[in-house]
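Biologist: I'd like to learn how to read helices and their packing from a set of coordinates. Could you walk me through an example?

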Amino acid sequence: MRGIGIKQYGDIQQLTEIELPTKPIGPEDMLISIKASGVNPVDWKVREGLLQADFPFELPLILGWDAAGTVKAVGTNVQDFQIGDDVFFRPELEREGTYADEMVVPANIVAPMPRGLSYAEAASLPLVGLTVWQALVEVGKVQAGEKVLVLGGSGGIGSMAIQLAKALGAYVATTTSSKNSDYVRELGADEVIVYDQGALHTSAQFTFMLDTLGGEAYGEAIRLMKQQGRVATIISERDAKKPSFADAFEKERELDVTFVFTRPDGINMNRIRELVEAKHVKPFLTKIYPMTIEGVRDAHLFSQTGRVRGKIVLVRS
């Protein structure tokens with residue numbers, strides 16, 4: 001396999017072409033020709049070496065953990081896929097990534113690509129879709145009629161969370177900047193809480209919150225939670241420290257707070273496919289770059305601004 005990644009940790013100048021042996025196809029595996037790869041903050045955090053303590057990466061490493069492509073070969077025990085099928089998936093973080101021409105992955109983490117989507121659109125969905133499904137459905141157990149708060153509604157995770165929460169029948173409020181108010185309403189938000197016009201203001205109290213920001217934004221938002229509310233956060237203490245009062249407030253209000261680190265899951269991927277095909281959720285792409293060294297560098301720099309609306313995608317020519 002040939003792709004783009006790193007031979008040592010560092011800034012965007014470390015991004016380079018990487019060639020690794022394509023792994024043998026086991027009985028439960030598939031070889032996929034990758035057509036497009038999503039770009040996520042985890043990509044540049046890995047590149048910079050920020051996740052070394054948590055994941056024992058072997059360098060050189062091809063980056064990327066979001067993909068869509070075509071099945072090139074299947075293992076002897078694979079029944080649900082055939083050569084030529086269009087698929088999308090999120091691989092294991094510890095394995096080589098999706099900024100590549102091809103990749104061997106277990107068939108049980110893959111799903112058919114949603115009908116009607118381009119490879120770029122499909123590649124934007126796996127990581128955000130899995131994260132949001134696992135946060136809202138598995139951890140949050142969000143039910144119709146509940147009041148849900150999404151922190152950072154204009155980002156990749158937030159954009160998907162608003163749509164899924166609405167599909168589940170919830171009342172959805174989200175925080176965002178004033179310039180993104182119309183965008184999150186287009187996604188389906190019932191209430192927009194603008195954070196750049198002073199303190200968060202709403203008359204609502206929430207039974208579930210998805211935290212995509214952490215830090216001071218999290219501290220301000222948990223004050224809006226009901227007693228015994230549920231919180232799913234994708235922000236670790238390494239990413240952003242909670243305010244000093246947050247732990248005591250969580251205990252006082254008896255909040256159930258769970259850290260969500262996305263796992264690959266073919267069953268969940270099929271749920272996402274069904275939601276897309278039913279037109280309950282759709283991808284929102286903000287920028288498409290070529291899957292070249294220069295394209296990846298530009299994509300990482302844009303992602304690192306923290307001002308991305310929707311998703312960034314790389315496509316192979």
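Biologist: Let's begin with α3. Which residues of α3 are buried?

Modeller: Keep in mind that this is a predicted model. The buried residues of α3 are P126, L127, V128, G129, L130, T131, V132, W133, Q134, A135 and L136. Because eleven of the 14 residues of α3 are buried, the helix is largely enclosed by the rest of the structure.

Biologist: What span should α3 have, and what do its end atoms show?

Modeller: At 1.5 Å a residue, the 14 residues should span 20 Å, and the end C-alpha atoms of α3 are 18 Å apart, which agrees. Just after this helix, K141 has a positive phi of about 50°.

Biologist: Now for a pair of helices. How is the packing of two helices described?

Modeller: Two packed helices are described by the angle between their axes and the distance between the axes. Here, the axes of α3 and α8 come within 10 Å and cross at roughly 100°. An angle from 65 to 115 degrees counts as roughly perpendicular, and α3 and α8 are therefore roughly perpendicular to each other. On the α3 side, the contact is made by P126, G129, L130, W133, Q134 and E138, and on the α8 side by N268, M269, R271, I272 and L275. By class, this contact has six nonpolar, three polar and two charged residues.

Biologist: Why do residues three or four places apart in a helix point the same way?

Modeller: An α-helix has 3.6 residues a turn, so residues with that spacing point the same way. You can look for that spacing in the contact list, which includes L130 and Q134 of α3 and M269 and I272 of α8.

Biologist: Which residues of α8 are buried, then?

Modeller: They are G266, N268, M269, N270, I272, R273, L275 and V276. These buried residues pack against β6 (86-89), β8 (110-112), α3 (126-139) and α4 (156-167).

Biologist: What caps the N-terminal end of α8, and what follows the helix?

Modeller: D265 is the cap, with a side-chain oxygen 2.9 Å from the backbone nitrogen of I267. After α8 comes K279, whose phi is positive, near 65°. As for the helix itself, its twelve residues (266-277) should span 16 Å at 1.5 Å a residue, and its end C-alpha atoms are 16 Å apart, which agrees.

Biologist: Finally, a loop residue. Where does Y9 lie?

Modeller: Y9 lies in the loop between β1 (2-6) and β2 (15-19). At 23% relative accessibility, Y9 counts as partly exposed. Leaving aside neighbours within four places in sequence, its contacts include V46, R47, Q52 and F57. Y9 and Q52 are 43 residues apart in sequence, with their C-alpha atoms 9.6 Å apart in space.

Key. Residues are numbered from 1 along each chain as its sequence is written. This is a predicted model: local features need pLDDT of at least 70, side-chain atom pairs count only at pLDDT 80 or more; totals for chains, interfaces and linings use all residues. Side-chain values use heavy atoms; hydrogens and water are left out. Helices (H or I, at least four residues) and strands (E, at least two) are DSSP runs, numbered from the N terminus. Buried means under 20% relative accessible area, exposed over 50%, partly exposed in between (1.4 Å probe, protein chains only). Contact means heavy atoms within 4.5 Å. The expected span of a helix is 1.5 Å times one less than its number of residues. A polar contact is a pair of N or O atoms within 3.5 Å; within protein, one must be able to donate a hydrogen and the other to accept it, and residues adjacent in sequence count only if both atoms are side-chain atoms. Axes are lines fitted to C-alpha atoms, for helices over the stretch in contact, and angles run from 0 to 180 degrees between N-to-C directions. Angles under 35 degrees count as roughly parallel, over 145 as roughly antiparallel, 65 to 115 as roughly perpendicular and the rest as oblique. Ala, Val, Leu, Ile, Met, Phe, Trp, Tyr, Cys and Pro count as nonpolar, Asp, Glu, Lys and Arg as charged, and the others, Gly among them, as polar.
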